Amino acid sequence: MTGPQETSTTWTRDRVLDAMRGRLTVSCQAYPGEPLRDPRTTAQMARAVVAGGAAAVRAQGLDDVAAVVAAVDVPVVGLWKDGDGGVFITPTLRHARAVADAGAHVVALDGTRRPRPDGLTLAETVARLRETTDALVMADCGSLGDALAAQDAGVDLLGTTLAGYTGERPRTSGPDLELVDEVVAACALPVVVEGRVHTPAQAAEAMARGAFSVCVGTAITHPTTLTSWFVEVFPTHG
């Protein structure tokens, strides 16, 4: 893995939040085995979305995080997916420290109340992570209960990333705007709306409901899925 390079901006906590406030975050990710699954491609995608106005980039995997940090001068939200079920988004303290070491300005981790693989609580993970990094911490939550617990655990940002994926809430076709309303009303921390935001209108609605930032991934950076949406309208597809 290549290490992060210095950019022209020193990303303090306040500067990261100021950069993201009221603006678009774009997730640049590809799944294992896909043609675009390469850190160099991820970095090029990140540069492309920043050129289009993205204020921050979300990237998965240590090599990808490092490559994106070196390629763009905007805050990078980093995570490490490990596993295919349960708690798998930056699931342990070891994963979180590695993401921070790769250069992420924000470490995104599972912010649910489910047991974590290393046996630590979310609060313990956050506290120990802060001993070794100044990176912000974003909790990917699946419910209001998750968000309240994550806020108490000391995170910096709350995401709706896991809404519909933990069994607490139904999976909506678009962003879970009801959850957005609940979290914005009940929590004092910035709320990043993420998950199934497929149109500019949905992003605008999330912002109107009090989102701090909106993160869009598939609808911008996943051509395989985008292609499938169009293919499905043809009667002979498949």
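The largest pocket of this predicted model holds about 870 Å³ of space. A pocket here is an open set of points on a 1 Å grid over the protein atoms alone, with protein on both sides within 12 Å along at least five of seven lines, and lining residues have an atom within 4 Å of a point. Grid points are joined across faces, edges and corners, and a volume is the space filled by probe spheres set on the points. The pocket is lined by 35 residues, of which Gln-29, Tyr-31, Lys-81, Tyr-165 and Thr-218 are the closest to its centre. Two or more lining residues come from each of strand E2 (56–60), strand E8 (213–216), helix H9 (218–221) and helix H10 (223–231). Elements are DSSP runs numbered from the N terminus, with at least four residues for helices (H or I) and at least two for strands (E). By class, the pocket lining divides into 12 nonpolar, 15 polar and 8 charged residues. Ala, Val, Leu, Ile, Met, Phe, Trp, Tyr, Cys and Pro count as nonpolar, Asp, Glu, Lys and Arg as charged, and the others, Gly among them, as polar.

The model is predicted, and local features need pLDDT of at least 70, side-chain atom pairs count only at pLDDT 80 or more, and totals for chains, interfaces and linings use all residues. Residues are numbered from 1 along each chain as its sequence is written, and side-chain values use heavy atoms, with hydrogens and water left out.

The largest cavity has about 70 Å³ of space. Its lining consists of Cys-28, Gln-29, Ala-30, Leu-36, Thr-41, Thr-42, Met-45 and Thr-221. Helix H2 gives the largest share of this lining, 3 residues. The cavity lining has 4 nonpolar, 4 polar and no charged residues.

Axes are lines fitted to C-alpha atoms, for helices over the stretch in contact, and angles run from 0 to 180 degrees between N-to-C directions.

| Helix pair | Angle | Axes |
|---|---|---|
| H2 (39–51) and H3 (62–71) | about 40° | 8 Å apart |
| H4 (93–101) and H5 (122–130) | roughly 35° | within 10 Å |
| H6 (144–153) and H7 (177–186) | about 30° | 9 Å apart |

Angles under 35 degrees count as roughly parallel, over 145 as roughly antiparallel, 65 to 115 as roughly perpendicular and the rest as oblique. H2 and H3 are therefore oblique to each other, and H2 crosses H3 in a right-handed sense. A crossing is right-handed if the near helix is turned clockwise from the far one by less than a right angle, and left-handed if anticlockwise. Contact means heavy atoms within 4.5 Å. Pro-39, Thr-42, Ala-43, Ala-46 and Arg-47 of H2 meet Asp-63, Asp-64, Ala-67, Val-68 and Ala-71 of H3. This contact comprises 6 nonpolar, 1 polar and 3 charged residues.

H4 and H5 also cross in a right-handed sense. Leu-93, Ala-96 and Arg-97 of H4 make the contact with Thr-125, Arg-128 and Leu-129 of H5.

H6 and H7 are therefore roughly parallel to each other, with a right-handed crossing. Leu-144, Ala-147 and Leu-148 of H6 meet Leu-179, Glu-182, Val-183 and Ala-186 of H7.

Definitions and conventions. On a 1 Å grid over the protein atoms alone, a cavity is a set of points where a 1.4 Å probe fits but cannot get out, and a pocket is an open set with protein on both sides within 12 Å along at least five of seven lines; lining residues have an atom within 4 Å of a point.
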